[in-house]
Amino acid sequence: MKKLSKPEFARLREKTRLVLAGRDSTDSYGFVNPPIVRGSTVIYPSTADFLVRKARYSYGTSGSPTIDALLAAAHTMEGGAGVLACSSGLLACTLPALAFLTAGDHFLVTDSVYHPMRNFCERMLPRYGVEVTYYDPLIGEGIAALFKPNTRAVWTESPGSQTLEVQDIPAIVAAAHARDIMVMMDNTWATPLLFDAHSFGVDVSVQAGTKYYAGHSDVLIGTVSARTPELYKQLQRTWDALGVIIAPEDAYLTLRGIRTLAIRLKELQPAGLEMANWLVARPEVARVLHPAMPDDPGHAIWKRDFTGACSLFSIELEPVSMKAVAAMLDGLTLFGMGASWGGYESLVLPFDCTRYRTATKPGFKGPTIRFHIGLEDLEDLKEDLDAGFARLRAAS
């Protein structure tokens, strides 16, 4: 198998690059997949080499061939200047804040932010003198009115991981960059395959690789991509200082998941839409929150900026007791109740964002439920939910 030059590789189409990125059989004794390399200590051949750290890896915390293969694949998708890997999606979210915010800075955070990231902003950043303001995710160019002289960065998440608001990222980027303010984005819902964050000017793009990258509910991992070399260097300095590292097995499993990412997303988009349309017609459902649905408030921006959708969406039920909701959900056989998503299995999760939202109130009148549609047969999933709705009605 001929080794491709960088220009030859760059000319390949996306799905082909995902299959090849990070693979070099000449470095893997002819095996298709890069081997799992475990290790902490690196041996140097001489004192002179050690004193100048003349080695690709100086210690286990500096990475490994397995991790480098994963980073190469992630960089292929993200573009930008470089990618770093973290041991969880949450750490991938918090790393840019630690890298770029300092005492006295002001940080604007979307009110639809991933709740563990919100916890970090509320519990940790004030201890380091960082002021946090939450803003309406639908604010668009109006975000300029919230800028202060000390505003350093804006955190975005589009769509929001529970309420699915689609943010006008180009408008936010234009307003922020006009004031030399950074824009960071949690792009886990779309992945770089469906939303090319850096091409829209996003400075730091975060992935909870636990979700669609790994894709099999057996890995905790995150990635952070920087748009420019300067940003990448600053991220890397913080990454080095914190001793962030991931297990080689996790890197290997995530790399394996990336190989099929495009195929899985292609299968999951129509599955999610079919289930969303089925739920729209249910009398128990007040509304479906899915940006790819034509009547969704964020549909126009989604259609303009995104090239597809995943299978994560939410619904609002007609007013009903939580006892009835529990009767519905507890009897499901094909939907597991879990906080993650992106795997091959379907999941369901009741949530109540009104408990912690501060800048906006979504105005739900009934209970809200998030669904992740997996790879099961959709007719089986519908039958499972149909029985669940029957339990809900009986308990109402």
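The model is predicted: local features need pLDDT of at least 70, side-chain atom pairs count only at pLDDT 80 or more, and totals for chains, interfaces and linings use all residues. Residues are numbered from 1 along each chain as its sequence is written, and side-chain values use heavy atoms, with hydrogens and water left out. Helices (H or I, at least four residues) and strands (E, at least two) are DSSP runs numbered from the N terminus.

**Helix packing**

- Helix α5 (residues 89-100) packs against helix α6 (residues 115-123) at an angle of about 35 degrees, and their axes are 9 Å apart. Axes are lines fitted to C-alpha atoms, for helices over the stretch in contact, and angles run from 0 to 180 degrees between N-to-C directions.
- The crossing of α5 and α6 is right-handed. A crossing has this hand if the near helix is turned clockwise from the far one by less than a right angle, and is left-handed if anticlockwise.
- On α5 the contact (heavy atoms within 4.5 Å) is made by Leu90, Cys93, Thr94, Ala97 and Leu98, and on α6 by Pro116, Met117 and Phe120.
- Ala, Val, Leu, Ile, Met, Phe, Trp, Tyr, Cys and Pro count as nonpolar, Asp, Glu, Lys and Arg as charged, and the others, Gly among them, as polar.
- Helix α4 (residues 65-78) and α10 cross at roughly 35 degrees, with axes that come within 8 Å; this crossing is left-handed.
- The residues in contact include Leu70 and Met77 of α4, and Tyr252 and Leu255 of α10. By class, the contact of α4 with α10 has ten nonpolar, two polar and no charged residues.

**Cavities**

- The whole structure has two cavities of 30 Å³ or more. On a 1 Å grid over the protein atoms alone, a cavity is a set of points where a 1.4 Å probe fits but cannot get out, and lining residues have an atom within 4 Å of a point. Grid points are joined across faces, edges and corners, and a volume is the space filled by probe spheres set on the points.
- The largest cavity holds about 60 Å³ of space. Its lining includes Asp111, His115, Gln162 and Arg357, and divides into three nonpolar, five polar and two charged residues.
- The second largest cavity has a volume of about 30 Å³. Among the residues that line it are Leu312, Trp341, Phe371 and His372. The elements β11 (347-351) and β12 (368-372) each give two or more residues to this lining.

**Salt bridges**

- There are 15 salt bridges in the structure, each a side-chain nitrogen of Lys or Arg within 4 Å of a carboxyl oxygen of Asp or Glu.
- One joins glutamate 249 and arginine 38, at 2.3 Å from N to O. Glutamate 249 lies in helix α10 (residues 248-259) and arginine 38 in the loop between α2 (14-20) and α3 (47-51), so the pair ties together parts 211 residues apart in sequence.

**Backbone features**

- Serine 158 and proline 159 are joined by a cis peptide bond, with omega about -10 degrees. Proline 159 is in the loop between β4 (151-157) and α7 (169-177).
- Leucine 164 lies in the loop between β4 and α7. Phi of leucine 164 is near 60 degrees, a positive value in a residue other than glycine.

Conventions
On a 1 Å grid over the protein atoms alone, a cavity is a set of points where a 1.4 Å probe fits but cannot get out, and a pocket is an open set with protein on both sides within 12 Å along at least five of seven lines; lining residues have an atom within 4 Å of a point.
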